[in-house]
Amino acid sequence: MSSIYILWDESHLWGLLVWRALEAMKLPYSIVRGEEIAQGLLSCNPPALLLTPGGNARLKADALGEKGIEEIRNYVANGGKYLGFCGGAGLGLTGKNGLGLCPWERAKFTNRMQHFVSGHLHSSIGADLSHASDLIPNNFSSTPALPVWWPARFSPQENTDVEILASYATPDTDFWIADLPLNTLPPGTFNEWESLYDIKLRPEFLKGQPCILAGNYGKGRYVLSYTHLETPNSPEANTWLAHIINTLTEGAVTAHQTLVTDWHPATESPLWTDEKLLEAKGIFDDIVTIGKNHCLFFARNSWLIGWRAGIPGANLNNLYNGLCSAVSMQPTPQAEAFWAEHSDKFMHDLNLFYEGVKGYLLAERLAMTLSKTFPETVSTESLRNQRAALFGPPMASGGVYLELLNTLDKLMYLLLPHTHRS
C-alpha cells in the first residue's frame with residue numbers, strides 16, 4: 001500500500017495533468033483502468049490512495065460498471081482513501097453515476113454560463129469547520145488562489161458529516177467567464193450588462209460555494225475537489241495537493257517537491273519520430289493555427305488553448321494535448337505495436353476530420369463576420385449540424401472526434417509508465 005493508483009478511464013487531458021503532477025512530485029504511482037478494478041485489483045492489491053482525475057463522471061462510471069463501483073466502495077469502506085478532481089469529484093458523490101462515498105449530490109446549474117468559468121479563484125480555507133483539519137497545511141494561506149477549469153457544483157445536504165475544506169471567494173487576475181477575461185473589463189461592466197440585457201454573468205454566483213469536501217466512508221476517507229490542485233505552475237494549489245496526499249496516506253507517500261512545473265506540450269521536442277505520428281501532429285498544428293488566425297482560438301495558458309464561446313475547444317484540447325504528449329514520449333513496444341495496427345485508420349479518419357474541421361471553423365468565422373449585416377447567410381442550424389457530425393451532440397462525444405480520441409487514449413495508456421516508484 002505504498003503506491004497511488006490513477007484511474008485513467010475518460011480522463012484525457014486531465015489524466016495527463018495528474019500524471020505530470022505525480023511525476024513532478026516524484027510520487028510512486030500505477031495507472032489503472034476501470035476493468036482492472038472491476039476484476040478485483042483494489043482488494044487483491046490495495047493502493048495507499050485511489051486518485052481519479054477530471055473528465056466525465058458518467059463515462060467514468062460506465063467504464064467501472066456496477067462491479068467496479070462496488071469494488072471502490074468496498075476499498076474505501078475497509079480503510080482505503082479516495083481523492084477526486086472535478087469529474088473525479090463528481091464520481092465520488094451520491095446520485096446517478098456516483099460512488100456514494102459522499103452523501104452530497106451534484107447541483108444543477110440555473111444558468112449554463114455559470115459552468116463556463118476558468119482560472120484561479122481566491123478561496124476561503126476552513127471557515128466552515130468547527131475544528132482544525134489535518135488536511136489543511138499548517139501556516140497555509142487563508143485565501144489561496146486555486147484553479148478551476150469549468151467546474152460543476154456541489155449540492156449541500158443537511159445533517160451530513162461532511163467537512164467543507166474550502167469555499168470560493170473572489171476571482172484572481174486570470175479568471176475568465178467563457179471567452180471574457182474579467183481583468184480586461186472596465187469597472188461597472190457587469191452592472192451595465194445586467195441592466196441592459198437582463199443577463200447574469202458576474203462571478204458572484206460562485207462566492208461561498210463549497211469547492212473542496214472531505215469526509216469518512218466506513219473506515220476510509222475521501223477528498224473531493226472541484227478545484228484542480230494538480231494544475232501546472234499553481235504553487236498554492238500544488239502545495240496543498242502534496243499535503244493532502246501525505247495526510248490521506250498517513251505519510252506512506254510523501255512528495256519530494258511540491259511545485260508542478262509549467263507545461264508546454266505543443267513545443268516539446270519529439271522523441272517518437274514515427275512519420276505518421278509527426279504528420280498527425282502537423283495536421284493539428286494547422287487546425288490550431290487556422291483557429292488562431294481567425295480569432296476562434298487563443299493561447300489561454302502554456303498548456304491550454306482558449307476558444308470563443310460555442311466552439312468545441314475542449315474537444316480539440318483533448319486531441320491536441322494527447323497527440324503532442326504522444327510525440328514527446330519515448331515509445332514503448334506495446335505502443336509501437338498498437339500504433340502499427342491502428343495508424344492507417346487513424347490517419348484516414350484524421351484527414352476526414354481535418355477537412356471537416358477546416359470547413360466548420362471557417363464557416364464559424366464567416367458567420368461572425370456577417371452576423372450584423374447578413375445574419376442568416378450562415379444558419380445556426382447549419383453550424384450546429386456540422387459540429388454534431390464532427391464532434392457528436394452537445395455535452396457528449398461522438399462523430400469522427402470520438403474515434404480519434406479513443407485511439408489516442410489507448411495509445412497514451414500504452415505510452416505512460418504503468419508503474420513508477422519514487
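What follows is a short exchange on cysteines, a helix pair and some loop residues.

Modeller: This is a predicted model, where local features need pLDDT of at least 70, side-chain atom pairs count only at pLDDT 80 or more, and totals for chains, interfaces and linings use all residues. Residues are numbered from 1 along each chain as its sequence is written, and side-chain values use heavy atoms, with hydrogens and water left out.

Colleague: How many disulfides does a search of the whole structure find?

Modeller: A disulfide is a pair of cysteine sulfur atoms within 2.5 Å. Searching the whole structure on that basis gives a count of zero.

Colleague: Which cysteine sulfur is nearest to that of Cys-211?

Modeller: Cys-211 is in no disulfide. The nearest cysteine sulfur is 11 Å away, and it belongs to Cys-86.

Colleague: Is Cys-211 buried or exposed?

Modeller: Buried means under 20% relative accessible area, exposed over 50%, and partly exposed in between (1.4 Å probe, protein chains only). Cys-295, at 42%, counts as partly exposed. Cys-211 has a relative accessible area of 0%, so it is buried.

Colleague: How are α10 and α11 oriented to each other?

Modeller: Helices here are DSSP runs (H or I, at least four residues), as are strands (E, at least two), numbered from the N terminus. Axes are lines fitted to C-alpha atoms, for helices over the stretch in contact, and angles run from 0 to 180 degrees between N-to-C directions. Helix α10 (residues 333-370) and helix α11 (residues 380-391) pack at about 155°, with axes 10 Å apart. Angles over 145 degrees count as roughly antiparallel, so α10 and α11 are roughly antiparallel.

Colleague: Which residues of α11 make the contact with α10?

Modeller: Contact means heavy atoms within 4.5 Å. From α10, the contributors include Phe-353, Tyr-360 and Ala-367. From α11 they are Leu-383, Gln-386, Arg-387, Leu-390 and Phe-391.

Colleague: Which backbone nitrogen does the side chain of Asp-179 reach?

Modeller: Asp-179 sits in the loop between β10 (176-177) and β11 (180-181). Beyond its neighbours within four places in sequence, Asp-179 touches Phe-298, Trp-307, Arg-308 and Ala-309. At 3.0 Å, its side chain reaches the backbone nitrogen of Ala-309.

Colleague: What is the phi of Ala-178?

Modeller: Ala-178 lies in the loop between β10 and β11. It is not a glycine, yet its phi is positive, at about 55°.

Colleague: Is Glu-250 buried or exposed?

Modeller: Glu-250 lies in the loop between α7 (235-248) and α8 (275-293). It also has a positive phi of about 55°. Its relative accessibility is 67%, so Glu-250 counts as exposed.

Conventions
A polar contact is a pair of N or O atoms within 3.5 Å; within protein, one must be able to donate a hydrogen and the other to accept it, and residues adjacent in sequence count only if both atoms are side-chain atoms. Angles under 35 degrees count as roughly parallel, over 145 as roughly antiparallel, 65 to 115 as roughly perpendicular and the rest as oblique.
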